[in-house]
Amino acid sequence: MVIEMQQKIVYVDNNATTQVDPEVFEEMKPFLTEYYGNPSSIYRFGGQVAKNIEKAREQVADLLGAEPCEIMFTSCGTESDSAAVLSALKVCTKRNKIVISKVEHPAILNLAKELRDKGYKIAEVPVDNHGRINMARLTEMIDTETALVSVMWANNEIGNIYPVEEIAKIAHDNGALFHTDAVQTVGKIPINLKTSKIDMLSLSGHKLHAPKGVGVLYIRKNVRFKPFLIGGHQESGRRAGTENVASIVALGKACEVAGKYMEYENREVKELRDYLEKRILESIPKTRVNGDIHSRVPNTTNIGFDMIEGESILLLLDRAGIAASSGSACTTGSLEPSHVLRAMGIPYTSAHGSVRFSLSRYNTKDEMDHIVKTLIPAIARLREISPYWNNEEK
Ligand code: PLP
């Protein structure tokens with residue numbers, strides 16, 4: 001192992017990844033040790049493993065209000081997104097346009113870029129300065145050339161919840177399919193796909209206390225699907241490759257546990273998030289919440305600290321054992337402000353100093369106090385040496 005040990009961590013970066021729930025870990029362990037049979041094998045040692053994949057499929061379906069046959073296991077949220085988009089283009093050969101939002105995760109945005117280079121039409125719907133989708137522009141952009149509309153259910157950086165049912169209806173009115181990236185939604189707010197118009201939905205295990213390397217694409221029963229991975233007959237011929245059994249079992253358990261904690265998280269985690277947000281806004285001048293405070297997942301707040309660099313804030317937080325983020329994990333390392341905040345038209349001097357805190361059921365009020373106590377002197381110190389701040393003050 002090449003792990004440097006450090007002080008106790010205050011982990012508030014749960015939109016990047018989550019801690020595996022101990023109950024989930026216990027459930028998956030035997031499939032890494034004793035029950036290593038191949039689920040496709042004819043003998044019982046494989047068959048019993050296959051039965052556990054089917055149990056996990058039911059557990060996932062239960063959390064989503066779906067049917068088990070609508071659940072296809074994948075390797076991650078990114079694979080699910082790719083599989084959905086590419087399938088829609090393969091089944092709707094007469095249409096060559098995809099409509100997405102400007103604030104999608106790179107799993108959709110960069111795939112769309114690649115498809116544009118291949119000759120597909122890509123329309124990106126703008127958002128307002130609270131990150132809300134411009135529904136009038138979306139309605140104009142969806143037309144009879146559109147094969148697929150893909151809009152995320154909740155945004156990973158600001159937490160906004162988007163009106164996916166309304167968007168699905170507009171897509172259907174124009175004969176297009178509707179896919180949603182629900183990687184940041186599943187386990188955070190109740191979902192019932194039985195009464196929904198969504199055709200395909202992506203989720204990822206490591207965002208809801210299952211391990212990394214497992215995901216799901218939900219495909220509504222009557223929706224045609226063409227596989228992304230071609231090979232063996234696994235997943236009813238829809239996704240080839242020997243199943244990641246232990247992680248699938250873990251994801252099933254994580255969905256069951258998420259259902260149990262749903263109410264608690266929507267009350268207690270939301271309360272903690274609101275407490276942290278309020279204390280930061282009250283005690284540090286020139287700070288703002290980025291996003292739509294009226295429609296957000298309960299665990300996320302994105303706060304802009306004017307006139308400083310988000311990366312410097314993260315380094316000072318890291319020294320105090322606090323793990324937060326300045327955008328999506330996939331864009332960390334780049335000094336460009338986040339594409340989400342830019343799409344919202346947040347001024348450069350504020351977008352740069354934005355930090356996302358994303359909580360989980362493992363966080364405590366003491367941890368929130370520790371964050372505020374660390375932030376107050378850290379922000380003051382960074383502003384003292386900020387040329388933007390000093391010019392502003394003069
Ligand atoms: N979509 C969203 C909204 C995400 O937040 C993420 C991960 O950050 C992904 C897709 C990609 O998921 P995965 O890491 O499982 O590929």
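**Cavities and ligand shell in a predicted model**

Colleague: Which residues lie nearest the centre of the largest cavity?
Modeller: This is a predicted model, and its largest cavity has a lining of 14 residues. Of those lining residues, the ones that lie nearest the centre are G187, K188, K207, H209 and E265.

Colleague: How many cavities of 30 Å³ or more are there, and what volume has the largest?
Modeller: When the whole structure is searched with a cut-off of 30 Å³ or more, the count of cavities comes to 2. For the largest cavity, the volume is about 120 Å³.

Colleague: How many residues in the lining of the largest cavity are charged?
Modeller: Sorted by class, the lining of the largest cavity holds 4 nonpolar residues beside 6 polar ones. The remaining class in that lining is the charged one, and its number is 4.

Colleague: Which element gives the most to the lining of the second largest cavity?
Modeller: The second largest cavity holds about 30 Å³ of space, and its lining is made up of V85, I98, I100, I108, A112, L115 and S150. At least two residues of this lining come from each of β3 (97–101) and α4 (106–117). The element that gives the most, with 3 residues, is α4.

Colleague: How do the residues lining the second largest cavity divide into nonpolar, polar and charged?
Modeller: No charged residue is found in the lining of the second largest cavity, a lining that includes V85, L115 and S150. The division is 1 polar residue and, for the nonpolar class, 6.

Colleague: Which helix supplies the largest share of the shell around the ligand?
Modeller: The ligand is surrounded by 13 residues, and the closest of them are T78, D181, Q184, S204 and K207. By class, this shell has 3 nonpolar, 7 polar and 3 charged residues. Its largest share is 3 residues, and they come from the helix that spans residues 77–91, α3.

Colleague: What percentage of the ligand's accessible area does the protein cover?
Modeller: Taken on its own, the ligand has 390 Å² of accessible area. The part of this area that the protein covers is 89%.

Methods. Residues numbered from 1 in each chain as written. Predicted model: local features only at pLDDT ≥ 70, side-chain atom pairs only at ≥ 80, totals over all residues. Heavy atoms only, no water. 1 Å grid on protein atoms, 1.4 Å probe; cavity = no way out; pocket = protein on both sides within 12 Å on 5 of 7 lines; lining within 4 Å. Points joined across faces, edges and corners; volume = space filled by probe spheres on them. Nonpolar A, V, L, I, M, F, W, Y, C, P; charged D, E, K, R; others polar. Helix = DSSP H or I, 4+ residues; strand = E, 2+ residues; numbered from the N terminus. Near = heavy atom within 4 Å. Areas by Shrake-Rupley, 256 points an atom, 1.4 Å probe, with all protein chains shown as cover.
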